[in-house]
Amino acid sequence: MQPIKDVLRGDILLTGVTGFVGVVTLAKLLRHAPHSRVFVLVRPGNKIGARTRFETVCEQNGILFMGLDIARVHVVSGDMTACDKISAEDVATLHNVTTAIHCAASTEWRSPLPELLKINVHGAVALFTFCLTHLPKLRSYVHTSTSYSYVV
Ligand SMILES: NC(=O)c1ccc[n+]([C@@H]2O[C@H](COP(=O)([O-])OP(=O)(O)OC[C@H]3O[C@@H](n4cnc5c(N)ncnc54)[C@H](OP(=O)(O)O)[C@@H]3O)[C@@H](O)[C@H]2O)c1
């Protein structure tokens, strides 16, 4: 079996980095994929930009990122349910992405079903379609299974 650092040589797109699974995945990638840049898709808040949200995540998880090269992480502002609104400038930066790792989901299990379907089903499809359309060097796509993944 090839070491992970030899498999993950190109750029990586990661979703869900403000969440539990995503932030740990980011730390793992920084540690074990030393040749890759990691692009993280983060949705902006009402009054706070995606980059600031990511910086807060870094501050809150200082121990996790200790000794790791955070400068290899690049923030892409966007919501996976509206991938068509990701700026052309950000899309261009994703040109060399070879691996996409999708960890984003709604885990608010008590949300109304239409909201859960919007994110976990239609959002997942939208993100996959975005990757197939805009990442010409994509070789692998990892989907984290979640509730309602198998609805369609
Ligand atoms: N935690 C576990 O032990 C575990 C076990 C098995 C499977 N899983 C699965 O792993 C996945 C992640 O779980 P988690 O515990 O990390 O969940 P989490 O802590 O609730 O994180 C969810 C992440 O998804 C992002 N997200 C939600 N909607 C989005 C959207 N429309 N566009 C972009 N990003 C969006 C959230 O961003 P915001 O900050 O913007 O909301 C957050 O970063 C889920 O599918 C879950 O079912 C988790």
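A crossover is termed right-handed if, with the strands pointing away from the viewer, the path from the first strand over the helix to the second runs clockwise. Helices (H or I, at least four residues) and strands (E, at least two) are DSSP runs numbered from the N terminus. By these criteria, β1, α2 and β2 make a right-handed β-α-β unit, and β2, helix α3 (residues 50-60) and β3 make a right-handed β-α-β unit as well. The model is predicted: local features require pLDDT of at least 70 and side-chain atom pairs count only at pLDDT 80 or more, whereas totals for chains, interfaces and linings use all residues. Residues are numbered from 1 along each chain as its sequence is written.

Five strands form an open sheet with parallel pairing, in the order β3-β2-β1-β4-β5; two strands are taken to pair if DSSP finds at least two bridges between them. Because β3 and β5 (140-143) stand at the edges, each with a single partner strand, one side of each is left without a neighbour in the sheet. Neighbouring strands of this sheet are turned by 20° against each other on average, direction ignored. Axes here are lines fitted to C-alpha atoms, for helices over the stretch in contact, and angles run from 0 to 180 degrees between N-to-C directions.

Strand β2 (residues 38-42) pairs in the parallel sense with strand β3 (residues 73-77) over five bridges, and with strand β1 (residues 11-15) over four bridges. On the β3 side, Val-38 stands opposite Val-73, and Val-76 is the bridge partner of Leu-41. Five of the five residues of β2 are buried, that is, 20 or more other C-beta atoms, placed from the backbone, lie within 10 Å of the residue's own. Val-38, Val-40 and Val-42 point one way from the strand, and Phe-39 and Leu-41 the other way.

Helix α2 (20-32) lies across β1, β2, β3 and β4 (97-102), running at about 165° to β1; contact between two residues denotes C-beta atoms, placed from the backbone, within 7 Å.

Around the ligand there are 22 residues, of which Gly-19, Val-21, Ala-104, Ala-105 and Thr-146 come nearest; a residue is near a molecule if its C-beta atom, placed from the backbone, lies within 6 Å of it. The elements that give two or more residues to this shell are α2 and α5 (113-134), and α2 gives the most, with three residues. The shell divides into nine nonpolar, eleven polar and two charged residues, where Ala, Val, Leu, Ile, Met, Phe, Trp, Tyr, Cys and Pro count as nonpolar, Asp, Glu, Lys and Arg as charged, and the others, Gly among them, as polar.

Methods: A residue is buried if 20 or more other C-beta atoms lie within 10 Å of its own, exposed if 12 or fewer, and partly exposed in between; C-beta atoms are placed from the backbone.
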